[in-house]
Amino acid sequence: MFFKLTDEQLMIQSMVREFSRKVVAATAAERDKTKEFPAENLKQMGELGLMGMMVPTEFGGEGADTVSYVLALSEIAYSCASTAVVMSVHNSIVCESITKFGSQELKKRFLPRLTEAEIIGAFALTEPHAGSDPSAQITTAVKDGDHYVINGTKRFITTGKNCGLVIVTAKTDEAAGHKGISAFIVEQGTPGLKVGHVEDKMGLRASDTTDLIFEDCRVPAKNMLGKEGQGFKIAMTGLDGGRIGIAAQSVGVAQAALDAAVKYVKGRDQFGQKISKFQGLRWIVADMATELEAAKQLMFSAAAMKDRGEKYTQQASMAKLFASEMVNRITGKALQLHGGYGFTADYPVERFYRDARVFTIYEGTSEIQRIVISNNILKDKRKP
Ligand code: CAA
């Protein structure tokens, strides 16, 4: 492999693999049916140091690098993509944004509770009419003494119902476009913050996705992340890291689908032999493994650039674009290789197929990733 993992990274991968395949996998299929939030998994993941992996140790985190983080996240996604998306938003966007942009006081107040998984973090940027174009958001935050009063509705919020805090963006200056957007930390239970509609989704069913409704929600001014008007930049910076996380989720689910397909074709007899003996199917397996390896390298490359402190926006979008499209092809092929059984809930591939479908959509669609990549290459930024 071009990218050589250190002994420490390999140790983290093996520790998380063992935990994930023993503990997380045990209830994944059941939770897909019941939609039960994986609270117990997350609690144990907090104890293992997986819920604040990149947070500095002084704030209760592990101070791990991004490469270790993507290894851990893909191992969790291998067993349960619902648990993985909660881990991803919590680590990549919430903990990272507070670490990078929070005041010392905010870091001390929230990071230790987040890293222990005492509370889970959510990120609220999207609105009913502002998805791919978040600068069109209309939620407002109006200064009132030493508070801001937030009004508006956020949509498709991962962990909206089960989070302990949410980073929310809102317009503090309606005339200033994206430069008039600010970011705030709002604790669950703050008067005026309500959980709205809970989505009924085709996949990631144990992770709740909800509306969050802010009605005259008073938030202390000191809960602002960064400076007034910095919210869009904070969100975009968070999404850069988040997109590496989606690549890691894609790699994990794709590996699970490939392993399931290999097991199936080696066990299934047709026409007097194992179906793994048919060249047509062997080539499908070869293509799946090759694509997965390519996605892994893109994921590692983006993570390593981030760790080296280089600008990694383009690499994160490339990793997210390729890996999320790859996992959709691989889960489709894995299902096909299972024949009729793949279409039933007796085998896990139908869950992988459903879970992966949103990866090309959330944290920026494939089309948005192509805008980011082409803008970076052509250096003549065009509006979508
Ligand atoms: N890092 C830091 N700053 C950035 C940045 C980045 N990656 N990308 C843009 N910016 C800054 C720019 O420098 C610019 O700032 P200045 O004016 O000071 O120079 C500002 O942001 C505006 O940039 P653009 O003009 O490029 O912005 P745009 O309005 O054209 O939009 C976009 C660019 C790429 C399309 C962006 O809007 C985008 O990423 N859209 C998709 C949003 C998205 O991913 N939503 C998902 C939400 S989360 C989710 O899915 C739910 C969940 O919980 C999992």
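**Exercise 1.** In which helix does Ala316 lie? State also whether Ala316 is buried or exposed.

*Solution.* The model is predicted: local features need pLDDT of at least 70, side-chain atom pairs count only at pLDDT 80 or more, and totals for chains, interfaces and linings use all residues. Residues are numbered from 1 along each chain as its sequence is written, and side-chain values use heavy atoms, with hydrogens and water left out.

Step 1. Ala316 lies in helix 8, residues 313–337. Helices (H or I, at least four residues) and strands (E, at least two) are DSSP runs, numbered from the N terminus.

Step 2. The relative accessible area of Ala316 is 0%, so Ala316 is buried. Buried means under 20% relative accessible area, exposed over 50%, and partly exposed in between (1.4 Å probe, protein chains only).

Step 3. Contact means heavy atoms within 4.5 Å. Leaving aside neighbours within four places in sequence, Ala316 is in contact with Asp240, Arg243, Ile244 and Ala302.

**Exercise 2.** Which residues of helix 2 are buried, and what covers them?

*Solution.* Step 1. Helix 2 spans residues 39–47, and its buried residues are Asn41, Leu42, Met45 and Gly46. These residues cover an arc of only 140° around the axis, which puts them on the same side of helix 2. The arc is that of the directions from the helix axis to the C-beta atoms.

Step 2. The cover includes helix 1 (7–34), helix 3 (66–79), helix 4 (81–101) and helix 5 (104–115).

Step 3. After helix 2 comes Gly49, with a positive phi near 85°.

**Exercise 3.** In which sense does strand 3 pair with strand 2 and with strand 7?

*Solution.* Step 1. Two strands pair if DSSP finds at least two bridges between them.

Step 2. Strand 2 (residues 140–144) pairs with strand 3 (residues 147–158) in the antiparallel sense, over five bridges. Opposite Lys143 stands Tyr148 in strand 3. The hairpin of these strands has two residues between them, and Gly145 takes a positive phi near 65° there.

Step 3. Strand 3 also pairs with strand 7 (residues 209–220) in the antiparallel sense, over nine bridges. Here Ile150 stands opposite Cys217 in strand 7.
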